[in-house]
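Please open the structure in your viewer and keep the selection tool at hand.

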Amino acid sequence: MNRLACEKSPYLLQHKNNPIDWFAWGNEAFERASRENKPVFLSIGYSTCHWCHVMAHESFEDVEVAEVLNRGFVSVKVDREERPDIDAVYMTVCQALTGSGGWPVTILMTPDKKPFYAGTYLPKKSRYGVTGLLDILEKTEELWKNDRERLMQAGQKIVDMLGREQETEGGEGEKPETALERGIQELKGRFDYRYGGFGTAPKFPAPHNIMLLLEYGVSEEDDACLKMGEKTLDFMARGGMFDQIGGGFSRYSTDDEWIVPHFEKMLYDNALLAQVYAQAYVIAKKPIYEEVVKRILDYARRELMSPEGAFYCGQDADSGGSEGSYYVFTKEEIETVLGKDAETFCKWYGVSDEGNFEGKSIPNLLGHGTIGKTPRWMKELRKKIYAYRRERMPLHRDDKILTAWNAMMISACAQAGFLFENEAYIRMARRADSFLADDLFDDSGRLLVRYRDGESAFFGNLDDYAYYCLALIHLYEAVFEISYLKRAAQLAEQMMDLFWDEKRGGFYFYGNDDERLIHRPKETYDGAAPSGNAVALHVLLWLSRLTGKAQWLDFLNDQAEFIAFDAGRIPSGHSYALLAFHRMLHPGAEIVCVASDEAAPDGAPAPHPAFKELFSVLRRWKGTRPAVLLKCRKNAKDLSDVAPFTENYPIPESGIQYYLCRNQMCGRPFSDASEIEKNL
């Protein structure tokens, strides 16, 4: 074993038996490189990454490659999920030098961390016009020995380029309304009107794109946007990217039709997809959308939840050394398990003799046209196939607990729990939040990135803070306990202190108290998940509306101006920020509900019936959800700390008074919740 055997990361531990003398990222590695005057070989990946496995088996387990690396380089392994700051910096380098990115990331750099070469997956030896790892390493060794200054200068040029880009950020950009309209038009132009989704294969789900289209479609009465969103959700739900047997989505589809996925499942994808399917259910009321939400969350509870109630990262694509073999079936297998019911099941889920993936079948519903809720008898057959599948060689599960990704799932559980009146999902959200609150802060109150095997580590980045703030707001909106809103505001204040750029605006990715890398990025472009800056924009928007404090409104306007500059280049690449712009341009309402003691949500003997009426209004509201504050004697003091303007709303002797406010103005109070819907 090498020194990675002492690490906690499942990805690093996968490489503990390599013949390569690996280091984890840290001073020891770079001091060795400087002392021995060697370049650094940096490899970044994650434990459920298929191509990371391929490169590991091809190269990192190979004695010939190890001999070259151990002789001429200091080799460093990084888990991109527990060190997203390092990944963000060197992925930017990779994209700048090659025009694309992906994992594994391969970087060659000087002992002072300045990169002079970047790539992704590399075969061991050159083939089909692709330069192999051995050739690159041997050429680098030669240059380092005979023309080192050339490599040093190349590294410095890349660092200088990153610095120049940051100096030009900010300034006069497009107006939010212009960026929003251009973004909508770009999405319409990239839309696949045959199968849904955007662009061609491989197709990623991009739930933030669909969130924007659905909300914009409702408020602007744009049927084209609504149809684009629904078509994409329909095809994804019926295709092979959705695990028809066990629930949950794979990362992306390798084909246009959503049939053949890249089989790994990630927590963040499923959390975001649960949120957008819940949003779509409110708008379209399609039973399949409700079913998808529940099957995503049930999958997460069953296969990704830790004993303490937090959620693990995800599951591998490979089983027994073969990608996707866990998920596919032959018709004969189905017949063995189901007997006389096999033919019905195979017809329902498109299992055929010829198959749709390497001679076997990925179950899907694409042959069904539009379908509704799955009948009970089919669910029973599906359970039998699921039980049979569980007996196969198990999938590797990355059992790190990541703050940002857990926060996304807390949001999903809270929203689904409220929408479907499902207490089990609310409990899931509460338990995961309790784990983060207890185990992912250090003694000074600093949020951390990851927990595994009893250890919490690494200072939290912008994504951790922004997504957790938003999760606490969503928990507040689900149960109306002011403590969640109070904690969201406190965490947001820490976020401002650690990441806000006072000079140019916007949030840096890593904090001012963290290790300083060659570049301190500010990410605004959405990837598989919305950027931290976009999520922070939503946090500031909700805090400004829920608290009424001017400080949040000021930061909101500054942040919107900062993102608008970047969003103007490729608006549709900033769809989650555009969703916030849309909400700023079409401000929703604020509802202040002031309740007597007997009507308090958590008071005795029971919540007032009028609250149920209000919640029913919120559950069926299709546009931007109103910001709602509930005030009673029990929470009045805490509420006034968070939202001081609520002090002016008197508590009635009995019953409830509703105040509906728009544009910082409130109308006359009324006591009938049905009036809210009329006025909205």
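Which residues form a negative surface patch? The patch consists of Glu177, Glu181, Glu220, Glu221 and Asp223. The model is a predicted one, in which local features need pLDDT of at least 70, side-chain atom pairs count only at pLDDT 80 or more, and totals for chains, interfaces and linings use all residues. Residues are numbered from 1 along each chain as its sequence is written, and side-chain values use heavy atoms, with hydrogens and water left out.

**First stop: the negative patch**

Select the five residues just named. A patch is made of residues with over 30% relative accessible area and no salt bridge, with like charges joined within 9 Å and nonpolar side chains (Val, Leu, Ile, Met, Phe, Trp, Tyr) within 5 Å. Accessible areas come from the Shrake-Rupley method with a 1.4 Å probe, and for residues only the protein chains shown count as cover. A salt bridge is a side-chain nitrogen of Lys or Arg within 4 Å of a carboxyl oxygen of Asp or Glu. Asp and Glu count as negative, Lys and Arg as positive, while His and the chain ends are not counted. The place of a charge is taken as NZ of Lys, CZ of Arg, CG of Asp or CD of Glu.

Now centre on Glu221, in the loop between α9 (207-220) and α10 (223-238). Helices (H or I, at least four residues) and strands (E, at least two) are DSSP runs, numbered from the N terminus. Glu221 counts as exposed because its relative accessibility is 69%; the cut-offs are over 50% for exposed, under 20% for buried, and in between for partly exposed (1.4 Å probe, protein chains only).

**Second stop: strand β3**

Select residues 74-79, which make up strand β3. Is this strand mostly covered or mostly open? Six of its six residues are buried. Val74, Val76 and Val78 point one way, whereas Ser75, Lys77 and Asp79 point the other way. In a regular strand the side chains alternate between the two faces of the sheet.

Strand β1 (residues 22-24) runs parallel to β3 and is joined to it by three bridges, with Trp22 as the bridge partner of Ser75. Strand β2 (residues 40-45) also pairs with β3 in the parallel sense, over six bridges, and here Leu42 stands opposite Val76.

Most residues other than glycine have a negative phi, and most peptide bonds are trans. Select Asn37, in the loop between α2 (27-36) and β2. Asn37 has a positive phi of about 60° and is partly exposed, at 39% relative accessible area. Ala206, in the loop between α8 and α9, has a positive phi of about 45°, but Ala206 is buried, at 15%.

Pro202 is found in the loop between α8 (176-190) and α9, and the peptide bond from Ala201 to Pro202 is cis, with omega near -5°. Another cis peptide bond joins Trp103 and Pro104, with omega about 5°.

In what order do the strands of the four-stranded open sheet lie? The order is β17-β16-β18-β19, with mixed pairing. The edge strands, β17 (627-631) and β19 (665-666), each pair on one side only. Select β16 (residues 590-595), which pairs with β17 in the parallel sense over five bridges; Glu590 has Ala627 as its bridge partner.

Key:
Pairing = 2+ DSSP bridges.
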